[in-house]
Amino acid sequence: MSPARPHDRQDAPAGFDVLFCGERLSLLGARALWWAAQSTLVVSDLHLGKSERVARCTGVSLPPYETRDTLDRLETLIAAQRPARIVCLGDSFDDDHAARNLPLSDLDRLRGMMVGRHWVWVEGNHDPSPPNLGGIALAEFALGPLTLRHIADPAATGEISGHYHPKASLRGQFRPAFLLDRTRLILPAFGTYTGGLRSTDKALTGLLQSDALAVLTGPRPLPCPMPR
Amino acid sequence: MTSLPPQILSWFAARAWSIHPHQHAMLARKDAPATLLIAPTGGGKTMAGFLPTLAELATGNHAGLHTLYVSPLKALAADIKRNLTGPVTEMGLPIRIEDRTGDTSATRKRRQRADPPQILLTTPESLALMVSYEDAPRIFRGLQRIIIDEVHALAESKRGDQLMLALSRLQALCPDLRRVGLSATVDDPQAIAHRLARHPDPCEILLADPGPAPDIRMLETQEAPPWAGGGAAYSIPAVLDQIRQHNTTLIFHNTRAQAEIFFHNLWLANEDSLPIGIHHGSLDRTQRERVEAAMVRGELRAVVCTGSLDLGIDWGDVDLVIQIGAPKNVKRLVQRIGRANHRYNAPSKALLVPANRFEVVECRAALEAVRDNDLDGDPLPTGPRDVLCQHILIAACAGPFEATDLYQEVTSAGAYASLSRAEFDACLAFCATGGYALRAYDQWQRLLQRPDGRWQLRDPRASTRIRMNLGTIQDTDTLKVRLKRSRGGKPLGEIEEGFAATLTPGDTFLIGGQIVRYEGLREMTVEVTRNAAKKPKVATFNGTKFATSTQLSARILRILNQPDWDDLPPHTAEWLALQREVSQMPRHGRLLLESFPHEGREYLCVFGFAGRNAQQTLGLLLTKRMEDLGLGPLGFVASDYATLIWGLEPVTAPQDLLDLATLRDGLDGWLAGNAVMKRAFRSAAIIAGLIERNTPGQRKSGRQASFSADILYDTLRKYDPDHLLLDITREEALRGLVDFGRIEEMMARVGTRLDLRRLTRISPLAAPLLLEVGKIQIKGAGIERLMAQEAAALMAASGLAGLSQ
């Protein structure tokens, strides 16, 4: 891991570049990872269909716009980065039922984004079955020297994962954040209705070494020592 | 003379007590559908409410529940149970009296449902829960009377709206139900009566003899009060003197933080080690109960407290009430003083302690208002729709309902009498489907319409979740404070989550009268250690600040415009005279603005006298306008009477800033993204049932990924800006924290009569504002820059920044 300069291409979303296990990765303020050498965009925990599942399980009708909002933001990123490959790092759907019952309009948009791209669905704990949407579904995905999986394996190195929805605070403000040390990188959740787990939680402090960084997302990504 | 059963008459006779005239009057009106009794504390108000019940139950012929008693406090219900059971036993009446609150055990609650007592004492929330049961008709069968205590306190809150909606259900179940309200002195009894009675039933108002007028004065001290601040530390020696001279003194503060600081200072000066306690809502319940018990036993000479003691129980021998800081509201002051004194025929004695020079004027205004019996009050708002949404869900829990029936029931509650059918239907639609412009997943709607047209829960199991989330009390998110390494030890109290987020290890703050050091956060508990420091580094945690009422503000303006101030202490009179000399006094029909340079910045002080919340909103709107005009505002601070703005350029054309239409535009556009609106949204979303605070099995999962209310708010604004909840949010915010009504009132009062005074230096009246806490920076690009700076500093300090390849 090694922090470097923020890259400032005019058209690109703001990112913070790190050298992670020998690979240059850009941690985007828009809560996604851009791996230029592989032309790969990684997003984690989309939780598509969340409001539908909440209504189904609890009767509470959340504003049913989060899938649209999540897809809007994903579309914007794809238009800016033009990735050849997209990896969805698990919990892409809020559950298997939600995956099968996305509104047609949302499905069409998703299919539109998949056209002409290598699309990888890594399975998550919310969506263990492969979606019937094309692309390939994998339990984990090895790319270059790195392994991409949903839940971090405490024994693994060179690993990129999601699952925890990490967030961190600066000046009393909490924001979704990337957490990383020399061997492990945990992505923030990309989905619109996703709560967060504070970086101070022992589930996270137990996974990351003492010199870990948190990179807060937002208009400009903000790196700082991971609050413990 | 009303006829009373012999058991009751002989009980009074044996004690040589006579029945008060208002108790007779209540007996005479026992068959009226609704009666409001206004009586001072200690005047046998509760007995007046219960006498007709005791008389009716004396025969022993009544089966089941006869009288429901509802009070805003659990403790009050328990207290009344004690105070009523005694006489009833002595009279030998065949009456069972029980209470039912959040503290009642599940076993006991079950038994009460199966076999209700004749008199049940409860709270609005517990009543709402009972109304939601499918067997509510059976539980309440035979109910004759409902007594609502402290109805003045309930009528001003959503708890009261919820109670009156529950009552509309009860009235449908028990058409002969009679209503009695017991109230302290209020400004507008008619408004309370309108809410109490079934609309459009009449409601007679009975006024009991108010007793002798209270003896209220300002505390004279050797030392002059400071220019600003709310601590009143200067008054400590004089207050200690007063404590020594009285049996028991209650010392009221406007905020919890101020109470903590004052208590701390009082102890440092308490050389005689007088037994003095502290009591406020952030303290742990066991600690509060200990203080209450010591109070009842007469072991304490003084208690430093906040409004949490306002609706207090029988406080024993309180013979002095001290109010620290100007009372922002005359009615609350009078009720506070009346409450503390439980001796019916002795005048209540109270002292006001101004915390700063300006509060001397405010205290004087309050004293005059009390003397003139001019109680302040804003007209009660119409029934809030988030509470109605919750009520619709409660009705659905009890069983299928006809929309038209429920609408008629709801509009029989005074607060909802003017609710239109369309508004009701929108609330029903929200409860059923969420009421979104985009109709999604209709098969999962919460309520569905059956073939017979009635509405019911889609999934009956949802009733458990709905019941778990009943109630309208809005707790801010708080974290428990606990001593480190005292697992299972008692918590010291609670602090707001927002305050906890600003702490870094090593910071010291006050809680429960002691200084503690922040060590860290552990599983949502703030861990602290005891600290021997003399002075807490972080002085305060947030507390509610009340805004000075419209009526009191008008009186203050009148005092400021007296020809001289011989009736005020010299230090204050001289200060005001100096203001008149170097600038001018703010006047009622005009708006004074002062512009002056100070320490390299340009200042503008707007003396609106609109109350703290409105002056704060005015600050937000004016700085936005100044930003647009290129005046480079940097920040502002607001008090009850003025807003002080600083920036790069002087303001020369105030009419460009203060235009009502422009201000209102700013409100719609820019303020919508403000934290105040988000707070109002969160509250409405929780009450209306969109956000569940409690879910089954929540404790187990621990990190239930809760969606943030802010994200829901942003999403709705983006995709469904006309949604019902946003409409409710605007309505709530405008009359609550944003208080735009007071800005409109101010603009109507001053019209175009703006007086801009350009001064060479800060004026005497503006100077205290520089010392006010709660300065607000203009956010936007600025906050990003500050966060980036801090991140860079942390990186540099950690040595991680040097790790580049």
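Predicted model: local features only at pLDDT ≥ 70, side-chain atom pairs only at ≥ 80, totals over all residues.
Q: Which residues touch the most other members in the largest nonpolar core?
A: That core holds 115 residues, and those touching the most other members are Leu127(B), Phe140(B), Leu170(B), Ile392(B), Phe424(B), Leu447(B) and Leu690(B).

Q: And which helix gives the most to this core?
A: Helix H16 of chain B, residues 385-398, gives the most, with nine residues.

Q: What does Leu170(B) touch?
A: Leaving aside residues up to four places away in sequence, Leu170(B) touches Leu68(B), Leu127(B), Val131(B), Phe140(B), Leu143(B), Ile146(B) and Leu177(B).

Q: How many residues are in the other core that lies apart from it?
A: That other core has 55 residues, including Met218(B), Cys363(B), Ala369(B) and Phe596(B).

Q: Changing topic: at what angle do helices H15 and H22 of chain B pack?
A: Helix H15 (residues 357-371) and helix H22 (residues 570-582) of chain B pack at about 105 degrees, and their axes are 9 Å apart. Angles of 65 to 115 degrees count as roughly perpendicular, so H15(B) and H22(B) are roughly perpendicular to each other.

Q: Which residues meet there?
A: From H15(B), Arg357(B), Phe358(B), Val360(B) and Val361(B) meet His571(B), Thr572(B), Trp575(B) and Leu576(B) of H22(B). The residues of this contact comprise five nonpolar, two polar and one charged.

Q: Is Ser183(B) buried or exposed?
A: Ser183(B) counts as buried, because its relative accessibility is 0%. Ser183(B) is part of strand E6 of chain B, residues 178-183. Not counting residues up to four places away in sequence, Ser183(B) touches Leu36(B), Leu37(B), Ile38(B), Ala39(B), Lys45(B), Val151(B) and His152(B).

Q: Which residues of helix H11 of chain B are buried?
A: In H11(B), residues 236-245, the buried residues are Ile236(B), Ala238(B), Val239(B), Leu240(B), Gln242(B) and Ile243(B).

Q: What do the buried residues of H11(B) pack against?
A: They pack against helix H12 (256-269) and against strands E9 (248-252), E10 (276-279), E11 (302-305), E12 (318-324) and E13 (349-353) of chain B.

Q: Finally, how many helices and strands does chain A have?
A: Chain A has five helices and 17 strands. Of its 228 residues, 61% are buried. Among the contacts in chain A with a separation of 6 or more, 63% join residues 24 or more positions apart.

Key:
Residues numbered from 1 in each chain as written. Chains lettered and ligands numbered in written order. Heavy atoms only, no water. Core = buried A, V, L, I, M, F, W, Y, C linked by side-chain atoms within 4.5 Å. Buried < 20%, exposed > 50% of the residue type's maximum accessible area, 1.4 Å probe, protein only. Helix = DSSP H or I, 4+ residues; strand = E, 2+ residues; numbered from the N terminus. Contact = heavy atoms within 4.5 Å. Axes fitted to C-alpha atoms, helices over the stretch in contact; angles between N-to-C directions. Parallel < 35°, antiparallel > 145°, perpendicular 65-115°, else oblique. Nonpolar A, V, L, I, M, F, W, Y, C, P; charged D, E, K, R; others polar.
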